[in-house]
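Subject: Structure for your review

Dear colleague,

Please find below the structure that I am handing over to you. I would be grateful if you could read it alongside the notes that come after it.

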Amino acid sequence: MLIRLQEIEDEAFFSGTIELKELVQAYKDVDFVTPVQYSIKIRKTGSQFKVQGHVSCNVGLVCARCLERFTYVVDSELDVDLVSREMAPTDSELELAEEELDIHYYESDELDLEEIIFEEILLSIPMRAICRDNCMGLCERCGGNRNLGECTCQEKKETRLGELLKSYLAKEGEKYGSTEKEAVKVKKG
């Protein structure tokens with residue numbers, strides 16, 4: 001949805017629902033379960049613009065622990081400053097301050113509102129998405145989903161290192177690793 005910024009005298013309101021199918025094709029891990037609902041106000045502040053509003057939708061993600069797909073609710077408040085690309089810093093290496101993270105640079109008089117909404121949704125999705133707090137993940141031996149029930153795979157096989165450690169402990173006896181203090185005789189010279 002293209003918006004002509006020069007037509008905004010003071011402020012403008014936009015709301016509705018949109019499908020982001022064209023933008024989503026680049027992100028195969030994100031699947032939009034519901035259309036995106038938005039309510040946005042664009043306010044002119046001198047030569048810049050302030051975009052504020054609310055964005056919500058449901059997206060399908062893959063759990064980082066159990067690898068099952070689940071629905072994640074995105075419910076985000078949008079607060080972005082629009083600044084002309086001409087005012088953007090030109091340094092090749094630039095350290096951004098925290099207040100500069102919410103700046104979006106635009107090039108022409110037209111602003112693609114869908115792009116800003118999509119960016120806000122992507123920033124709202126956790127980097128390591130987990131289906132629920134108590135997700136038990138996959139069994140490290142057989143790869144089964146431990147959320148579905150007890151794992152039925154066999155016990156861990158003994159490794160060569162494990163066998164060597166057991167034989168070493170058997171030779172050392174029960175005192176190995178004990179906290180009992182032994183009497184030490186010291187000759188005074």
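The notes below set out what was found.

This is a predicted model, in which local features need pLDDT of at least 70 and side-chain atom pairs count only at pLDDT 80 or more, while totals for chains, interfaces and linings use all residues. Residues are numbered from 1 along each chain as its sequence is written, and side-chain values use heavy atoms, with hydrogens and water left out.

Overall composition: the protein chain contains three helices and eight strands, in the order β-β-α-β-β-β-β-β-β-α-α from the N terminus. Here helices (H or I, at least four residues) and strands (E, at least two) are DSSP runs, numbered from the N terminus. Of the 189 residues in the protein chain, 26% are buried (under 20% relative accessible area, 1.4 Å probe, protein chains only). The accessible surface (Shrake-Rupley method, 1.4 Å probe) is about 14300 Å², and carbon and sulfur atoms contribute 48% of that surface. Among contacts (heavy atoms within 4.5 Å) with a separation of 6 or more, 55% are between residues 24 or more positions apart.

Strand pairing: two strands pair if DSSP finds at least two bridges between them. Strand 4 (residues 36-45) pairs antiparallel with strand 2 (residues 11-18) through eight bridges; Ile-40 in strand 4 is the bridge partner of Phe-14. Strand 4 also runs antiparallel to strand 5 (residues 48-62), with nine bridges joining them, and Tyr-38 has Val-55 in strand 5 as its bridge partner. Two residues lie between the strands in the hairpin of strand 4 and strand 5, where Gly-46 adopts a positive phi near 75 degrees.

Yours sincerely

Note on methods:
Buried means under 20% relative accessible area, exposed over 50%, partly exposed in between (1.4 Å probe, protein chains only).
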